[in-house]
Amino acid sequence: MNYQKQEIKQGITLHEIYTQKYKTNLSAIFLATPLKKENVTLNALLTAVLRRGSKNIPSQDLISQKLEMMYGASFDCGVEKTGDNHIIKFYLETLSEEFLPSSEDILKEAIEILTDIVFNPLIEENSFKKEYVEGEKQNLKQIIQAKIDNKAKYAYDRCIEEMFKNKPYGLYKYGYIEDLEKITPEQLYNYYKDLINNCKIDIFYSGTVNKDKLKEIIEKNENIQKLDSRKPEYVINNETTELVEQKEPKIVNESMQILQGKLVLGLNINETAENSRFMASVYNAILGGGANSKLFQNVREKQSLAYTASSRYIRAKNCIFINCGIEIQNYEKALNTIKEQLEDIKNENFTQQDIDNSKELILASVEAITEEQDTEITYYYGQELADRFVSLEEYMNKIKTVTKEQVVNLAQTVNINTIYFLKD
Amino acid sequence: MKIIESSKIKEKAYIEKLENGLNIIIIPKPHTKKKYVIWGTHFGSIDNRFIMPKTREEVFIPDGVAHFLEHKMFEQPNGTNSLDTLMALGIDANAYTTNDHTAYLFECTEHFEEGLDELMNYVQHPYFTDENVEKEKGIIGQEIKMYDDDPGWQLYMNALDCMYKENPIKIDIAGTIESINKINPDILYKCYNTFYHPSNMTMVVCGNFEPQKLLEKIKKYLEPKENQGDIKRIYTSKEEKINKSEKIVQMEVSTPIFMMGYKDVENNQESKVKKHIAIEIILNMLIGKSSKLYKELYEEGLLVTQPDFDYEFNTQYAHILISGTTKNPKKVVEKITQKAELMKQKDLCKEEFERARKKLYGDYVIEYNSVANIARMFLADSMKQINSFDYIEEFDTVTKEYTQNILKEVFKKENQILSIVEPNK
């Protein structure tokens, strides 16, 4: 296998992926911490402030200039929700040395810049630079407000919020304006120190450089050296840990000045058996995975109700979300059609062909994981957080063994939790 | 087959023009499992008026036909749908329509040959009926409404409306609810018979292939077709001036978004790649991530992320677009305009020029990370008679002096437009 991991210090793990497929090296650092209302806004703001400059490269434009001189190396960062964890992600991509017009050791420099941004921030008088914090507070406010701009994404986020109301997963990843306004540069810096000393840290490398060289770069990196071992607090989520109590579907309607309605259904899967996720994946593919799925065929092709009609399975929360963009007055018709599809699967009203097609679709997507650098990293990180390591091969084998009976049994445990509709 | 090579990035492309006129490009990628094929016809939303080569009949079609045709190609006479057939094989299939071409594609790791057979079969066998055309109107109607609610798309369409008076590039690719209502099987067949002839098409394949063997397979699936003469496309006349300088609309957005543009004359010269590279260098120097202006606007809180920019061109149009989100669009646009004017007056800064060049070089190389990118890029470039490797190969010929001249020639204040979408009042 081209993937391996090792603990550098307790709570700090290095993951290495060796591959010949790309013209680039991709390095990443992920910081994981449990999702909490009091921390989401701090995490989002912290990410933005760190990006502004480090002790060695004290401003954003200097970072950009340095990276551009390294043949368009690029840095990116952001926050994500993975199950009940809030993940702060930093990436740095550089060209592999064989494609540089001149010979330069840019990987070492790239990892220095990356670790510098994360672990060696610009500090003034025991605080982050005030000007950066104030500026980023304004920017983050704008980002939080921009939630409404993409209507399909907004409807999906809102459905999650309603389905997981007052629970960690219902939090918005960029945080809340009322919390943002109160944050001071000192407080943010104190939070940072606490986070960096206690959070789970995962460092990823994907590319062609040889193992010994990478080892040397990591071992000699002063920013990594100075980190202490830790017993990180984070949440392990997988199909065995997530159970939502069943009740009558919650119905939420919201209005905006729009032409197309967005219908989102949140479903929970009340099945926590080990490996039930493979059945849930097949179930989801039959329901709304691709052009052969029941949703695409019935909502779109047979009834012409929508252009988009699909579903996605969120393993970390053991739930499925259905998304459709429909004519506003067709709400009842679309909802009934969706419900019929859910009943159909429960009543075994689908064919072996549907199962086979769905499996092919999943297998192809698993095969494709190693074809994109960041997708491969994300896959292994997901394994890490779920605390269940499954190789891609084993994953495919488990999908292949799913039977029709298992899918039908799983279908009995699927319930509509929330029906969210964004209309005019 | 003709082989072209880029030694800098260690890639080769095998090219063959078949007797029936079909252009085939194969780019082998030995290390990848993913295979990607894309088959495109030089028929996009701007091709709305033409003379059919056989009957010499002049046809003027409603807006949105190229895109409608793309949707309808998957349906087969035996009641099956090729999208379903491909998906059932675990093949991720899709299609899209742009201003100047329509493309059918799939990517897969397994079952490539079965997929190729199916792809080539459905693209060569149209099946349009009154019933299946009617049914599609509901689906495409929802696609149009989805774009109607998309502020970014409205911003772009309004920018084109500012730039051009009659040029069909300003027509929405999907058409409107009214225009697609006029579409019927007869119109679709006329377009299909004209534009889906091998001599008007290009196929690009990228993945772990032996090019000669693959070429033989492609030939095997091709059906004989009579040769046809050139398609005469009737375009509107060249527009030297912009249509209007500004368009502002209100929508449900949190912060205003802006798109400013410089209309260029069409870019159809020998040196179009060189010109494209120079424009991208200028844009990076003007408002790229490491530019002084971006730093200034960021620190003033006027920009949160760096603006996107692009140079779109073909034989019928060419324009630069710069877009972003800001509390104060007019101020940002004014600053960008001032900086462009200032850059024209002095020699370009050597250090900034070098930095932009290096960054751009990296960007071009990174395009070759994915089979999907490579194939799509070769197809889109081939529609403009460009060989994609030229962006790497001609890179060193773009000098500071040349770039300076392009700056003066293209970034003209009188050709500037502005589109804004602002929050509802």
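Guide: Domain bounds come from an automatic or database domain assignment. This is a predicted model, in which local features need pLDDT of at least 70, side-chain atom pairs count only at pLDDT 80 or more, and totals for chains, interfaces and linings use all residues. Residues are numbered from 1 along each chain as its sequence is written, chains are lettered from A and ligands numbered from 1 in the order in which they are written, and side-chain values use heavy atoms, with hydrogens and water left out.

Visitor: How far apart do the C-alpha centres of domain 1 of chain A and domain 2 of chain A lie?

Guide: The assignment for chain A gives domain 1 as 3-225 and domain 2 as 250-423. Between the C-alpha centres of these two domains of chain A the distance is 30 Å.

Visitor: How many residues does the contact take from domain 1 of chain A and from domain 2 of chain A?

Guide: Contact means heavy atoms within 4.5 Å. By that rule, domain 2 of chain A gives 35 residues and domain 1 of chain A gives 37 residues.

Visitor: How much area do domain 1 of chain A and domain 2 of chain A bury between them?

Guide: Buried area is the accessible area (1.4 Å probe) that two parts lose on being put together, summed over both. Carbon and sulfur atoms account for 68% of it in chain A. The total between domain 1 and domain 2 of chain A is about 3,200 Å².

Visitor: How many salt bridges does the rule find across the interface of domain 1 of chain A and domain 2 of chain A?

Guide: A salt bridge is a side-chain nitrogen of Lys or Arg within 4 Å of a carboxyl oxygen of Asp or Glu. A:Arg158 and A:Glu254 meet through their side chains in a salt bridge, at 2.8 Å from N to O. Across the interface of domain 1 and domain 2 of chain A, the rule's count is six.

Visitor: Which element gives the most to the side of domain 1 of chain A that touches domain 2 of chain A?

Guide: Helices (H or I, at least four residues) and strands (E, at least two) are DSSP runs, numbered from the N terminus. Elements that supply at least two residues to this side of chain A include strand 3 (24-34), strand 5 (85-95) and helix 5 (151-163). With 10 residues, the element that gives the most is helix 5 of chain A.

Visitor: Where does chain B divide, and how far apart do the C-alpha centres of its domains lie?

Guide: In chain B, domain 1 covers 2-233 and domain 2 covers 246-423. Their C-alpha centres lie apart by 28 Å.

Visitor: Which side chains meet in a salt bridge of 2.9 Å, N to O?

Guide: Between domain 1 and domain 2 of chain B the count is two salt bridges. The pair at 2.9 Å is B:Asp161 and B:Lys247.
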